Amino acid sequence: MVRSSITELIPEGSLRRFLHRQAGGRKLLTVAITGAHAYGYPHDESPLQLQAIHVEPTESLVGLHKPHGTDNWVDEFEGRAVDYSSREVGEALERLLRGDGSVLERIMAPRQLVDGEELRRLRMVARGAVSIRFHTYYRNFCRAVLDDWQDKRPTLQHMLSIYRTALTGIHLLRSGKLELDLPSLANQYKMRELPELVRHGRQHGLTPLPAKGPSLKMLVRLSALLEDSYDASPLPAEPERPELAEEY
C-alpha cells in the first residue's frame, strides 16, 4: 500500500508553524508520524497523528513549578485535523525501561520529522531496553479493550488500530523487532481477513461495530496469540543495557 507523504497530508509550511508552536522553545528529539496514515489503514477523516519526545529547558526543571511531562493537543490546525502528543525525555526513558510500548513506538517509528544524532542515540537506548517487560503494556491494552467492549464499542477504524497494536506486541515478543505496518503484520501472521477490513475501513471506517461478531472474535484470538508469544519469547527478562538510558 502506498503511504501518503507528509506534504500530501499537510503543507510543509503549515507543518513547520505547527511544530514551532507546539515546541514552545523546547527541543524536539523525535517527532514520529504515527496512526492510520503511517500504519496502512487511513480513512478520509483520519487525523494526522504525531508523537514526539522533547527536552524541557533547564530553568523549567529546576523551578518551583515543575512542567507537565506530557503535551497533548487534538484539534484542527490550518484546516487539518491533528492529534499531537509529546513526552519529556526523562519521563519517556523511565517509561521505556518499564516496558511502555507507546514510547518504544514513537522512538522506533520509521517515519520521522526530526532526524539526526539525537534520534540515533535514542534508538540505541530503545534497542537496549527491549525485554519481556513490554508484554505487560500490550496485554493490558488488549484487556482494557475487551473489558470496555460492551460500553465503548469501537468503530472499524478504531478496531484496525487495536489489531495493529496487538500484532505489534506479538511480533515484538517473538522477534525483538518493532513492526508497525498493519498490512505487513497481517501477512506475516496470516490474518487473511484484515486486508479486506482495511479496504472496507477506507470507506466505512466510522461505522460502529456490533456487540458480538467476527471483530470481537479476532481480538480474542489476538489476545491468546499474545500470551502464546510471551511464553515462547526469546527476549530477556530485563533490559540488557539500561545504562544507555541513564547516560542519555
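Y248 lies in the segment that follows α13 (243–247) of this predicted model. Its side is neither fully covered nor fully open: Y248 is partly exposed, with a relative accessible area of 24%, a value that falls in the class between buried, under 20%, and exposed, over 50%. Apart from neighbours within four places in sequence, Y248 is in contact with L29, V89, L93, E118, R121, L122 and V125.

L29, one of the contacts of Y248, belongs to the stretch of residues 27–34 that makes up strand β1. Seven of the eight residues of β1 are buried, so the strand is largely enclosed by the rest of the structure. T34 is another residue of β1. T34 is buried, with a relative accessible area of 1%; the cut-off for that class is under 20%. Residues up to four places away in sequence aside, T34 touches Y39, Q49, L50 and Q51.

The partner of β1 is strand β2 (residues 48–55), and the two pair in the antiparallel sense over seven bridges. Within this pairing, T30 stands opposite I53 in β2, and V31 stands opposite A52 in β2.

Strands of a sheet pair through backbone hydrogen bonds, either parallel or antiparallel. Here four strands form an open sheet with mixed pairing, in the order β1-β2-β4-β3. β1 and β3 (70–77) stand at the edges with a single partner strand each, so one side of each has no neighbour in the sheet. From one strand to the next, the twist averages 20°. Helix α2 (residues 12–23) packs on the sheet and touches β1, β2, β3 and β4 (80–88). The direction of α2 makes about 145° with that of β3.

E76 stands opposite A81 in β4. The two strands form a hairpin with two residues between them. E78, in the turn, has a positive phi of about 50°.

**Helix pairs**

Two packed helices are described by the angle between their axes and the distance between the axes. The table gives these values for two pairs.

| Helix pair | Angle | Axis distance |
|---|---|---|
| α8 (residues 134–147) and α9 (residues 156–175) | about 155° | 10 Å |
| α6 (residues 101–108) and α7 (residues 117–129) | roughly 140° | within 9 Å |

For α8 and α9, packed at an angle of about 155°, the cut-off for roughly antiparallel is over 145 degrees, and α8 is therefore roughly antiparallel to α9. α8 passes α9 in a left-handed crossing. On the α8 side the contact is made by F134, H135, Y138, F141, C142 and V145. On the α9 side it is made by I162, T165, A166, T168, G169, L172 and L173. The residues of this contact divide into nine nonpolar and four polar, with no charged residue.

For α6 and α7, which cross at roughly 140°, the angle makes α6 oblique to α7. The crossing of α6 and α7 is left-handed. L104, I107 and M108 of α6 meet L119, L122, R123, A126 and R127 of α7. By class, the contact of α6 with α7 has six nonpolar residues, two charged residues and no polar ones. L122 of α7, part of this helix contact, is also among the residues in contact with Y248.

**A residue of helix α12**

M218 is found in helix α12 (residues 214–232). M218 is buried, with a relative accessible area of 5%. Leaving out neighbours within four places in sequence, M218 is in contact with Y163, E193, L194 and L197. M218 and E78, the residue in the turn of the β3 and β4 hairpin, are 140 residues apart in sequence and 38 Å apart in space, C-alpha to C-alpha.

Definitions and conventions: Residues are numbered from 1 along each chain as its sequence is written. This is a predicted model: local features need pLDDT of at least 70, side-chain atom pairs count only at pLDDT 80 or more; totals for chains, interfaces and linings use all residues. Side-chain values use heavy atoms; hydrogens and water are left out. Buried means under 20% relative accessible area, exposed over 50%, partly exposed in between (1.4 Å probe, protein chains only). Two strands pair if DSSP finds at least two bridges between them. Axes are lines fitted to C-alpha atoms, for helices over the stretch in contact, and angles run from 0 to 180 degrees between N-to-C directions. Contact means heavy atoms within 4.5 Å. Angles under 35 degrees count as roughly parallel, over 145 as roughly antiparallel, 65 to 115 as roughly perpendicular and the rest as oblique. A crossing is left-handed if the near helix is turned anticlockwise from the far one by less than a right angle, and right-handed if clockwise. Ala, Val, Leu, Ile, Met, Phe, Trp, Tyr, Cys and Pro count as nonpolar, Asp, Glu, Lys and Arg as charged, and the others, Gly among them, as polar.
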